[in-house]
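Good morning, colleagues. Please have the sequence and the structure open as I speak.

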Amino acid sequence: MKRAFILTICSLFVFSVVWGGVVFAQNTIYIVKKKTLPTIKIEPQTPHAQTVQTKTVIVPTQTIVRQVNSGLSRNDIIAIINAQIAKYIATLPPSHVTNNYSTGGSYIVDNNPIGIPTGLADSVGQGLHALDLRVIALENRTQGTSTSGIFNPAFALGSVAFMGSAGLTEDNANFFYDSVNHALGLGTNTPDTTSILDLTSTTKGFLPPRMTTAERDAIVSPAAGLMVFNTTDKALNLYDGVGWTALGGSSYTNANPTPITLGGIQSGSTFTAQTLQNMFDSLLYPYIAPSISLSANPTTGTIREFGNTVTTTTLNGNTTKHTNNITLVDFYRNGVLIHTQASPFANGGTETYVDTTPVTTNGVTFTARAGDGTQTITSNTIGYTFVYPFYYGVGAQGLTGAQIRSTLTSLIKTPSNTVTVTSPTSQVFYLAYPDTSPALTSILDTNGFETFSDYTLRTVTITGLDGTPQTYKVYEYKNVTTQVNFTNTFKF
């Protein structure tokens, strides 16, 4: 550190002189920091005042640092001051300096006297009289500025001065600079010698810059080692010179040897900066997604005749919680959202919604979805099947479509092999079904004999329950017969 000095000169005369780094002003000699200024005017004005054309600036007394009493003699202080002057003179072009001033130890710079005469002779020409000097030197301690121009003399070595509410102050216990090891301590006055910055506290933490992933990625050319707290991922991020990684570990994929599913960890899973607790939780308490099953009233799964309209459908979503609370239940018709439960049962239960849109035809489906914030699961798909019925039984030969519909027994079913048991009395066997279904390939009697050739095939029109005419295939037995509980098997 630089050493600064102040000489207080008590005399009947007031005189001021300036040289490189030293100011005589108001009976006080100050050693000050050199700066460049084209022309400097000595203050205060006295009969001996002059303008000195040197490249030195007078620093106001407000910048003068701490004063302490010193036992230096006047010759000591003169020697020190002149040594400082010599350093300054050495920086000037030789053409500007003459080392032949009438009294030894002084210089002439640009025809102006600079320095303190060794003998401090009483010479008006030199601007000095015999003076009674009281030497006050500036101690080699931390420098700064105070409103009074003088530092607090109680400052300790290593203190870092700052402006407090009562003026310039220090907190040596919590704000300290170790000038030997070049370490700054916050919260300690003994920073670790291997650190450049030692933060010490048992009540507070280190708070790094906080930003989103987008803000982090907007940092231009981040330095390797740069660290921020990512508020998007809630993790400390470190730039390793290539990319940003979350502190706590790099990514790992269980890919070698051949991965298998273990506990809740699926084969091939990738882990990034996971804690041991997270890993053990995954192993011992694997995550299980919620489940949901869907049913309806009227019951789906049964086949309905066209014309038997479902006017309202009551949907029942039965949810089951596994790992997380259930937070979402939705109902869909044909893949379109029709309802979201406002407050689903967190622990699972039956969620109900009534759809008032009629169902009159095939192709209408219902599903439901349940979510727990981690996964959303879709239920089974339900819907209604509508058909035009089969008709079977016995009757007179040549029944019309209307007679078949009114006298025979209807079967609400999809096309499939049909077994009938009837008791004709001088009648024939019948089987009629929509013409859109394929033709039969075999008809077996009660004894298992093939009787397909004993039937005729024709078509008739039958009006359905929905009021629409439908073309039917009609298989009619050729021979009038009388039987009791006779079985026929009609095969497609």
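**A buried asparagine and its surroundings**

I begin with Asn237, which counts as buried because its relative accessibility is 2%. Please bear in mind throughout that this is a predicted model.

Where does Asn237 lie? Asn237 belongs to strand E19, which covers residues 235-239. Beyond its neighbours within four places in sequence, Asn237 is in contact with Arg216, Leu226, Met227, Val228, Asn230, Trp244, Thr245 and Ala246. A polar atom of the Asn237 side chain lies 3.4 Å from the backbone oxygen of Ala235.

The side chain of Asn237 also makes a polar contact, at 2.6 Å, with the side chain of Arg216. That arginine is located in helix H2, residues 213-217. Is Arg216 buried or exposed? With a relative accessible area of 11%, under the 20% limit, Arg216 is buried. Setting aside neighbours within four places in sequence, the contacts of Arg216 are Met211, Val228, Asn230, Asn237 and Trp244.

Strand E19 is part of an open sheet of four strands, in the order E17-E18-E19-E20, with mixed pairing. Strands E17 (210-211) and E20 (244-246) are at the edges; each has a single partner strand, so one side of each has no neighbour in the sheet. E19 and E20 pair in the antiparallel sense over three bridges, and Tyr239 stands opposite Trp244 in E20.

Next, the nonpolar core. The largest one has 42 residues, and Leu315, Phe366 and Ile404 have the most contacts inside it. Several strands each supply at least two residues of this core, including E23 (291-297), E29 (365-371) and E40 (486-491). Which strand gives the largest share? That strand is E36, with six residues. Phe366, for its part, touches Leu294, Thr313, Leu315, Tyr332, Arg333, Asp355, Val359, Asn380, Thr381, Ile382 and Tyr384, not counting residues up to four places away in sequence.

I close with confidence. The mean pLDDT of the protein is 73, and 62% of its residues reach 70 or more. Over residues 1-71, pLDDT stays under 50, and the model has 190 contacts beyond four places in sequence for them. Over residues 99-153, pLDDT likewise stays under 50, with 158 such contacts. Where pLDDT is low, the predicted coordinates should not be read in detail.

Key. Residues numbered from 1 in each chain as written. Predicted model: local features only at pLDDT ≥ 70, side-chain atom pairs only at ≥ 80, totals over all residues. Heavy atoms only, no water. pLDDT = per-residue confidence, 0-100. Contact = heavy atoms within 4.5 Å. Buried < 20%, exposed > 50% of the residue type's maximum accessible area, 1.4 Å probe, protein only. Polar contact = N/O pair within 3.5 Å; in protein donor to acceptor, adjacent residues only side chain to side chain. Core = buried A, V, L, I, M, F, W, Y, C linked by side-chain atoms within 4.5 Å. Pairing = 2+ DSSP bridges.
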